[in-house]
Amino acid sequence: MKCLHVNPNDIGETLEKIELSISKLDDALRFKIMLICEEVITNQIRHSNFKNRTQEIEFYFDLNDQNSIFLIFKDNAQRFNPLEKNNPDITTDIEDTQLGGLGIFMVKEYSKKLTYTYKDGCNILRVIL
Amino acid sequence: MITNEKDFIIVSPNGKLDTISAPKFSDELSQLLKDKPKGCIIDLSKISFLSSSGLQALLAGAKTSKNNNIKYAVCSMNEMVNDVFTLSGFDRFIKTFDTKDNAINSL
């Protein structure tokens with residue numbers, strides 16, 4: 001399993017590195033991986049509470065079997081389970097539509113399996129797609 | 001790229017509508033809508049990637065348009081972009097068309 005250290009000050013750089021790492025996969029799979037990575041890492045950087053800790057965010061991935069891609073997102077922020085967040089209400093009128101939770105909703109939709117654990121002071125989100 | 005056709009402005013972003021590019025796109029779209037055109041069509045034919053940040057930018061444009069009686073639609077999404085759009089339920093409140101011409105003729 002490969003590991004990338006996420007630069008919390010430059011999400012663009014991180015996403016470019018991920019994109020480069022998956023360049024041999026087909027378009028549809030690359031699209032799904034990039035969507036999941038962007039949504040999760042953006043949440044980790046912008047919405048996690050790291051208190052006074054130095055942000056440490058790591059992304060692990062195993063692309064060996066295209067039928068079963070493994071992605072792991074790990075950070076040392078305060079415990080937060082994104083899977084407990086309510087899905088956005090997309091049945092409302094346009095004026096009332098709030099997009100909170102849309103990113104993780106998309107991640108759920110594109111994953112075959114999604115699990116959250118909190119271990120040794122770290123949030124760990126495992127994704128299989 | 002921005003063009004005008006039959007009182008509509010056609011906005012054609014290029015590349016990705018993601019967490020990096022979406023805020024700038026949203027600002028530019030907001031500026032264009034201040035001129036209150038008859039309609040605004042977002043041509044996504046050159047967009048290869050759409051995330052929730054991109055959806056937020058499209059939604060902001062739709063809200064501004066509705067508040068100012070501007071007709072608003074997106075068109076020409078590729079299969080994967082369209083998948084994100086429909087999965088998120090955005091096709092409920094933003095009109096979508098296969099082509100720009102269909103959008104202009106139908107709005």
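This is a predicted model: local features need pLDDT of at least 70, side-chain atom pairs count only at pLDDT 80 or more; totals for chains, interfaces and linings use all residues.

Me: Why does the radius of gyration of chain B agree with that of a compact globule?

Reply: The radius of gyration is taken over C-alpha atoms, and the globule rule is 2.2 Å times the number of residues to the power 0.38. For 107 residues the rule gives a value near 13 Å, and chain B has 12 Å, so the two agree. Along the principal axes, the C-alpha atoms of chain B fill a box of roughly 30 × 25 × 25 Å.

Me: How many helices and strands are there in chain B, and what pattern does the chain follow?

Reply: Helices (H or I, at least four residues) and strands (E, at least two) are DSSP runs, numbered from the N terminus. On that basis chain B has 4 helices and 7 strands, and its pattern along the sequence is β-β-β-α-β-β-α-β-α-β-α.

Me: Why does B:Leu32 count as partly exposed?

Reply: A residue is buried if 20 or more other C-beta atoms lie within 10 Å of its own, exposed if 12 or fewer, and partly exposed in between, with C-beta atoms placed from the backbone. B:Leu32 has 17 C-beta neighbours inside 10 Å and therefore counts as partly exposed. This residue lies in helix 1 (residues 22-33) of chain B. Of the 107 residues in chain B, 44% are buried.

Me: With which residues is B:Leu32 in contact, leaving aside its neighbours within four places in sequence?

Reply: Two residues are in contact if their C-beta atoms, placed from the backbone, lie within 7 Å. Neighbours within four places aside, B:Leu32 is in contact with B:Ile2, B:Ile9 and B:Val11. From C-alpha to C-alpha, B:Leu32 and B:Ile9 are 8.4 Å apart in space, and they are 23 residues apart in sequence.

Me: What makes strand 1 and strand 7 of chain B edge strands?

Reply: Two strands pair if DSSP finds at least two bridges between them. In chain B, 5 strands form an open sheet in the order 1-2-4-6-7 with mixed pairing. Strand 1 (2-5) and strand 7 (95-97) each have a single partner strand, so one side of each is left without a neighbour in the sheet. Within this sheet, strand 4 (residues 39-43) and strand 6 (residues 71-75) of chain B pair in the parallel sense over 5 bridges, and B:Ile41 stands opposite B:Ala73.

Me: Which residues form the covered and uncovered faces of strand 2 of chain A?

Reply: The covered face of strand 2 of chain A holds A:Ile57, A:Phe59 and A:Phe61, and the uncovered face A:Glu58, A:Tyr60 and A:Asp62. In a regular strand the side chains alternate between the two faces of the sheet.

Me: Which residues of helix 3 of chain A are buried, and what covers them?

Reply: The buried residues of helix 3 of chain A are A:Leu102, A:Gly103, A:Ile104, A:Phe105, A:Met106 and A:Val107. Their cover includes helix 2 and strand 4 of chain A, together with helix 2 and helix 3 of chain B.

Me: How many residues does each chain bring to the contact between them?

Reply: Chain B brings 19 residues and chain A 18 residues. Helix 2 (52-67) and helix 3 (79-87) of chain B each supply at least two residues of the side that touches chain A, and helix 2 gives the largest share, 7 residues.

Technical notes
Residues are numbered from 1 along each chain as its sequence is written. Chains are lettered from A and ligands numbered from 1 in the order in which they are written.
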